[in-house]
Amino acid sequence: MVGNRAWFGGLFSGSGKRRQVSAEKIVLDLTPVQRLQSLKERLNVPYDETRTDHQDSLRALWNASFPDTELTSLVSEQWKDMGWQGVNPATDFRGCGFVSLENLLFFARTYPASFKRLMLKQQGMRTTWEYPFAVAGVNISYMLIQLLELNSVRPKSLPGINFIKVLTEHEDAFDVLYCIAFEMMDAQWLAMRASYMQFKEVLEATRQQLERELSLEDLNSIHDLPACNLLYK
């Protein structure tokens, strides 16, 4: 798990009616290698708080999250309202790099209704000790990178192989999958009535559900994932 806090719990109901297929039956077509390479290059970019473009992205995230509230400084107590551990989000980005900020910003811009509902904890019975939204997002980015084996030369697991197939059809597949995973994680959280210290268990259950859905035989598009219907704009 990313970061220096340990939390995680529960089972998200699976979509068991579709037949799964073993990795040996998949013939991997890596013709659009450029998309995969571009994604891998994104994963290798650390967050650099001295870079103007990184600062601009961080401001954009704040503006998308709290459009009616001015951010006083990139180092501010205000960030805690979004679920960062301290006054400087750069500290939390160290665990996963710039891509974790890109993922959050994509979520906020592409599915603003889902983003704000999760950030503000607007649905379901909530506990006193909720998961911190932004730091949870960084952990989800890290979990996806590991699940999809994006740091390896070639994935060996079926979810990783199927993801590359999906990526050839949808250049934003990783970012959309991130949004889906965030929704799944929150649904797990509510189903388990989890609290802060159970976050690690929740994230592991989310990973297992994603693994099942990414192993479906007829998966050709990111929108074929059953959990995609959790997202709304």
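The model shown is predicted, with local features requiring pLDDT of at least 70 and side-chain atom pairs counted only at pLDDT 80 or more, whereas totals for chains, interfaces and linings use all residues. Residues are numbered from 1 along each chain as its sequence is written, and side-chain values use heavy atoms, with hydrogens and water left out.

**View 1. The protein chain is made up of nine helices and zero strands.** Helices (H or I, at least four residues) and strands (E, at least two) are taken as DSSP runs and numbered from the N terminus. Of the 233 residues in the protein chain, 51% are buried; buried means under 20% relative accessible area, exposed means over 50%, and partly exposed lies in between, with a 1.4 Å probe and protein chains only.

**View 2. Helix α4 and helix α6 (residues 133-147) have axes that come within 9 Å and cross at roughly 115°.** The axes are lines fitted to C-alpha atoms, for helices over the stretch in contact, and the angles run from 0 to 180 degrees between N-to-C directions. The two helices α4 and α6 are therefore roughly perpendicular to each other. On the α4 side the contact (heavy atoms within 4.5 Å) is made by Val 99, Ser 100, Asn 103 and Leu 104, and on the α6 side by Phe 133, Ala 134, Gly 137, Val 138, Ser 141 and Ile 145. Sorted by class, the contact of α4 with α6 has six nonpolar, four polar and no charged residues, where Ala, Val, Leu, Ile, Met, Phe, Trp, Tyr, Cys and Pro count as nonpolar, Asp, Glu, Lys and Arg as charged, and the others, Gly among them, as polar.

**View 3. Helices α4 and α5 have axes that come within 5 Å and cross at roughly 115°.** From α4, the residues Leu 104, Phe 107, Ala 108, Arg 109 and Thr 110 meet Pro 112, Ser 114, Phe 115 and Leu 118 of α5. By class, this contact of α4 with α5 has six nonpolar, two polar and one charged residues.

**View 4. Lys 116 is found in helix α5.** With a relative accessible area of 27%, Lys 116 is partly exposed. Leaving aside residues up to four places away in sequence, Lys 116 touches Ala 64, Ser 65, Pro 67, Lys 121 and Gln 122. Lys 116 and Ala 64 are 52 residues apart in sequence, while their C-alpha atoms are 9.3 Å apart in space.

**View 5. Arg 42 forms a salt bridge with Glu 102, with the closest N and O atoms 3.1 Å apart.** This pair links distant parts of the chain, since Arg 42 is in helix α1 (residues 33-43) and Glu 102 in helix α4 (residues 98-110), 60 residues apart. A salt bridge is a side-chain nitrogen of Lys or Arg within 4 Å of a carboxyl oxygen of Asp or Glu. Glu 102 has 24% relative accessibility and therefore counts as partly exposed.

**View 6. The side chains of Glu 183 and Arg 117 meet in a salt bridge, at 2.5 Å from N to O.** Glu 183 lies in helix α8 (residues 173-192) and Arg 117 in helix α5 (residues 112-119), so the pair ties together parts that are 66 residues apart in sequence. Both Glu 183 and Arg 117 are buried.

Note on methods:
Parallel < 35°, antiparallel > 145°, perpendicular 65-115°, else oblique.
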